[in-house]
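Trainee: Please show me the model. I want to ask about its aromatic rings.

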Amino acid sequence: MNAGTKMALLCVLVVVFAVKGSAALELTGHAEVEGKYFLNEPMYDEQVKDSGSLSVRTELYHEWKNSLSFTLVPFYRYDNADEERTHFDIREAIFLWPRESYELSAGIGKVFWGVTEAIHLVDIINQTDWVESLDGEEKLGQPMVNLTLLTGYGTWDFFVLPYFRERTFQGSKGRLRFDPPIDTGAVYESGEKERRVDYAVRYSNTAGNWDIGVSHFNGTTREPAYLLQFDKDSNPVIVPYYEIINQTGIDLQCVTGAWLWKFEGIYRSGQDDGDFFAMDAGLEYTFSIAYLRGADIGLIAEYLYDSRKSELNTFYNDDYMIGLRIALNDVAGSEALFGLVQDFDNGSGIFLMEASRRLGDNWKGELESYIFVNAEKDALLNFLRKDDFFRLAITYYF
Amino acid sequence: MKNIFKLSGKCCFRSGNISLFIVGFVLILMPGNLLPLSTCADTHGEGENKNKPLISAEQKGLDIAIEADQRDAGFGDSMVELTMILKNRHGEESIRKIRNRVLEKQDDGDRLLIIFDRPRDVKGTVFLSFTHIAGPDDQWLYLPALKRVKRISSNSKSGPFMGSEFAYEDFVSQEVKKYSYLYLRDEVLDGRDTFVVERYPGDPKSGYTRQMVWYDKQGYLIQKIDYYDRKDELLKTLTYKNYKQYIGKYWRADEMYMVNHQTGKSTRLVFKNYKFRNSFTDRDFDRNSLKRVR
C-alpha cells in the first residue's frame with residue numbers, strides 16, 4: 001500500500017465519520033468493457049496479440065452546509081493481457097474549501113492547465129497514466145495542497161506537492177511498449193526520491209477575448225529520461241530516470257469569431273541533456289452545416305516544436321497536427337474525430353480515429369483506432385510500428 | 001441584455017464527445033422566457049413619433065417587442081431545472097435534464113451557467129457564458145473527466161441540436177436588436193387578445209426567413225411562434241404554456257412545446273422549481289466556480 005492509498009483511506013474514514021447522520025452522499029460513475037484488436041502479430045516475445053479489459057470509476061461527493069466538500073474518485077482497471085495495465089488508483093480524494101476570495105484544497109487531486117489539443121506541454125501537476133491511453137490525457141491522482149487566490153487582477157494558484165507519482169508503463173505482455181519493457185523501479189535525482197516536496201505556482205487571467213496563463217514548476221519531472229541498464233542476469237532493461245527540473249510555462253489563447261488561436265510554450269532546465277524550449281501553437285475553427293441538419297465541423301491545426309535534438313527525447317520535435325471533428329448533433333450524440341500528427345522531416349506519424357455514440361440514456365459505444373505511419377523512421381515510434389490497433393468500448397454510466 | 005448564446009468551439013481534440021451534446025442543450029438555456037431581455041431595448045424613434053400621428057407597422061412591431069422586453073427587467077438572478085423530452089415520429093422519447101442559473105448584469109449581458117445532469121455521460125459538464133450587449137460573448141465549457149475549462153468560440157448556429165426541434169437561435173435571437181419587426185394585426189388566440197408581429201432575423205446565417213409571434217396584449221408574453229424556413233415554408237411552431245408569475249412580477253412559462261411540421265418530430269421543454277433572488281454573485285459565475293459547481 002503506497003502513501004497515496006493510505007492517504008485516501010484516511011480521507012474516506014474522516015468523511016464517513018463526518019457525514020454520519022447528515023445528508024446522503026452523491027455517487028456516480030461508469031464501468032467500461034473494452035477490446036483491443038491489433039492488426040499485426042506482436043514484435044516482442046512475451047507480448048499477447050489482442051486484449052480485453054474492464055474498468056470502473058466511481059465518484060463519491062459530499063458537501064457540508066458551510067460549502068466544504070469532499071470528492072473521492074477511485075479507479076480500477078483489469079486487463080487480461082498486461083499485468084501492468086491492471087491497476088488501481090485514487091484519482092481524487094480531496095477536500096475543497098471555497099470562500100469568496102480564495103479556495104483551499106487538500107488531498108489527492110487533479111489539475112489541468114493549458115489550451116492546445118495535440119499535446120499538453122504546460123500541464124505538469126499530475127503524472128500521466130500512460131497505460132490508460134496514448135494521448136496522455138489520463139492522469140494519476142496527485143497529493144497536493146492548493147491555495148487559489150482570486151483577485152481583481154487574475155487568479156493565483158499555489159501548489160505544494162508532497163509526494164511524487166511514477167509514470168505507469170506497459171508490462172512485458174502488453175502492446176504499445178518499448179523493448180525491453182520498462183518494469184523496474186525508477187531512479188531519482190533527488191535523494192528523497194518520491195518524497196521530495198515539489199512546488200508550483202500559476203497566474204491566470206482573462207482579458208476580453210484573451211486567456212493567459214503563466215506557470216512555474218520546481219520539482220521532480222513528470223517526464224522521465226530513459227536509462228539503458230542491465231539486470232542481475234545481464235539482460236538489458238530500461239529504467240526511468242526522474243530528474244529535478246525547473247519549468248516555466250506560458251499558455252495563451254485568443255478567440256475571434258469562429259476561430260480559436262492557441263499557444264503553449266515551456267522552458268525547462270535541470271535535465272542532463274540540457275535546457276530546452278518546446279511549443280505547441282495552432283488554431284481551431286468551428287462551423288456548422290445547415291444541409292446536414294446542423295452538424296458541426298471542427299478543424300484543428302497545430303505546429304509542435306521541441307528544441308532538443310535527440311529523437312529519443314520526444315516524438316514531437318518538428319511536427320504538425322491536423323484534426324477534423326464531426327458532431328452530428330443528433331439524439332445519440334454521434335461524433336467522430338480524425339487526427340494526424342506527422343513529422344515534417346521524415347514523415348513519421350500517428351493517425352487516429354475516434355467515433356462514439358450514445359446507446360440509450362446510460363450507455364455509450366466507442367470505436368477508436370491508432371495507425372502508425374512511417375514509424376520505422378522515428379526512434380520512438382519504431383517500437384510501435386507493428387502496433388496499429390482498433391479499440392471497441394462499451395460504457396455504462398450510473 | 002444581449003443573449004447571444006452561441007456555442008461552437010467544441011471541446012478539446014480528444015474529448016469531444018460531450019461537446020456536441022452540449023450544443024444541444026445550450027440553446028435551451030436561453031429561451032426568451034428564461035433570460036429576459038431587458039435594458040438594451042432600443043427606444044430610438046420615440047421622439048419622432050410625437051410629431052407623427054400615425055405609427056408605422058414597423059414601429060408598432062418594434063414597440064411591442066421593446067415593451068415585452070422591458071417588463072422583464074430587474075429580475076436579479078434565477079435558477080431553474082429543465083427537462084427536455086425529445087419525441088421522434090414513431091413516438092419514441094429521449095430525456096435530457098439540465099439546470100440553469102442566470103445572473104442579471106446592469107451594464108452588460110447576463111451571465112449564464114448550465115449544469116448538465118442527463119444523459120449520464122455528460123453529467124458534470126458545465127457551460128458558462130458571459131453574454132455581451134455588443135460583440136461576441138465569452139464562453140467556456142468545463143469537461144469534468146479532464147478537469148479542463150475550455151474556451152469556446154461563439155458562432156452562429158441554425159441547425160437542430162441532438163435531434164431536438166429547438167435550434168440554437170430559437171433561444172438566443174429573442175432579443176430586440178436581433179430582428180426587424182412588422183406589426184400585422186390583432187387576433188384572438190385561444191380566447192386571448194393578442195398582437196401578431198412578424199419579425200425578420202438580422203443574422204444572414206439564420207435558418208429562418210421570418211417568424212410570426214403572438215404576444216398577449218395584457219402581459220406582452222409570447223404565446224406562440226411560427227418559424228418559416230429559408231424557402232419560406234412553415235417549419236415549426238413553438239407554443240408557450242402555463243405562464244406563472246414569480247416574486248410578484250416576472251412571468252415564466254412552465255412548458256414550451258415545439259413541433260416540426262416537416263419531420264413530425266417534437267420537443268417538450270418542462271421548467272421546474274424556478275427560484276429568484278438567490279443572492280448569486282460574480283463569484284458563482286467565474287471560471288473557477290465551474291470546477292466545483294454541483
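Trainee: Is Trp64(A) buried or exposed?
Mentor: The model is predicted: local features need pLDDT of at least 70, side-chain atom pairs count only at pLDDT 80 or more, and totals for chains, interfaces and linings use all residues. Residues are numbered from 1 along each chain as written, chains are lettered from A and ligands numbered from 1 in written order, and side-chain values use heavy atoms, without hydrogens or water. Buried means under 20% relative accessible area, exposed over 50%, partly exposed in between (1.4 Å probe, protein chains only). Trp64(A) has a relative accessible area of 17%, so it is buried.

Trainee: How many aromatic pairs are there over all chains?
Mentor: Rings of Phe, Tyr and Trp (its six-membered ring) pair if their centres lie within 6.5 Å; planes under 30 degrees apart are stacked, over 60 edge-to-face, the rest tilted. Over all chains, the count of aromatic pairs is 36.

Trainee: Which residue forms a stacked aromatic pair with Tyr370(A)?
Mentor: The centres are 5.5 Å apart, with 10° between the planes. Both Tyr370(A) and Phe389(A) are buried. The stacked partner of Tyr370(A) is Phe389(A).

Trainee: Which ring does Lys60(B) lie over?
Mentor: A charge sits over a ring if NZ of Lys or CZ of Arg is within 6 Å of the ring centre and within 35 degrees of the ring normal. Lys60(B) is 4.0 Å from the ring centre. The ring belongs to Tyr183(B).

Trainee: Which residue lies over the face of Tyr227(B)?
Mentor: The distance from the ring centre is 5.2 Å. The residue is Lys236(B).
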